[in-house]
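Biologist: Please take me through this structure and say what each label rests on.

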Amino acid sequence: MLDDPPKEHSPPNSLPVSFRMACDLKPGEIALGAIVGIFHQYASGDGDSKTLSKAEFDKLVKEQFPNLIPDECSSKLKKEIHKIAGDTIDFQEFMQLVSVLCTMSHCMLLESLGGK
């Protein structure tokens with residue numbers, strides 16, 4: 001199962017500055033900072049860090065979620081998201097995808113525990 005998290009954390013450099021400055025981040029805070037950092041890392045490729053272009057989004061999905069969104073599913077998912085979101089995907093739209101992925105992961109965990 002889950003072990004107790006280590007007492008001291010060194011925040012990764014990919015976290016936003018406000019998160020890196022904190023000296024005692026908890027695992028949830030690190031996870032949130034990582035999600036924000038990943039969005040901005042990929043969104044800044046075209047100079048606009050507020051939205052992901054289609055190409056930036058496609059690259060993010062392929063590089064960051066290869067085990068949760070296999071290639072055979074990613075093209076259909078990306079097509080649907082691009083249809084809904086249009087040419088760009090803002091942070092709120094990205095978080096809807098993250099929410100779905102978290103829910104899927106939670107369901108897989110429950111299933112692996114025998115539905116507990």
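Modeller: The largest nonpolar core has 16 residues, and Leu52, Phe57, Leu60, Ile69, Ile89, Phe94 and Leu97 touch the most other members. Helix 5 gives the most to this core, with four residues. This is a predicted model, in which local features need pLDDT of at least 70 and side-chain atom pairs pLDDT 80 or more, while totals for chains, interfaces and linings use all residues. Residues are numbered from 1 along each chain as its sequence is written, and side-chain values use heavy atoms, without hydrogens and water.

Biologist: What makes a set of residues a nonpolar core?

Modeller: The members are buried Ala, Val, Leu, Ile, Met, Phe, Trp, Tyr and Cys residues joined through side-chain atoms within 4.5 Å. Buried means under 20% relative accessible area, exposed over 50%, and partly exposed in between, with a 1.4 Å probe and protein chains only.

Biologist: Which residues of helix 5 are buried, and why are they said to line one face?

Modeller: They are Phe94, Leu97, Val98 and Leu101. Seen down the axis of helix 5, the buried residues fall within an arc of 100°, so they line one face. The arc is taken from the directions from the helix axis to the C-beta atoms. Gln92, Gln96 and Glu111 are exposed on the other side of helix 5.

Biologist: Why is the pair of Phe39 and Phe91 called edge-to-face?

Modeller: Rings of Phe, Tyr and Trp (its six-membered ring) pair if their centres lie within 6.5 Å; planes under 30 degrees apart count as stacked, over 60 as edge-to-face and the rest as tilted. Phe39 and Phe91 are 5.1 Å centre to centre, with 85° between the planes, hence edge-to-face. Phe39 lies in helix 2 and Phe91 in helix 5, so the pair ties together parts 52 residues apart in sequence.

Biologist: What is the pair of Phe91 and Phe94 called?

Modeller: Their centres are 6.2 Å apart and their planes at 45°, so the pair is tilted. Phe39, Phe91 and Phe94 form one aromatic cluster.

Note on methods:
Helix = DSSP H or I, 4+ residues; strand = E, 2+ residues; numbered from the N terminus.
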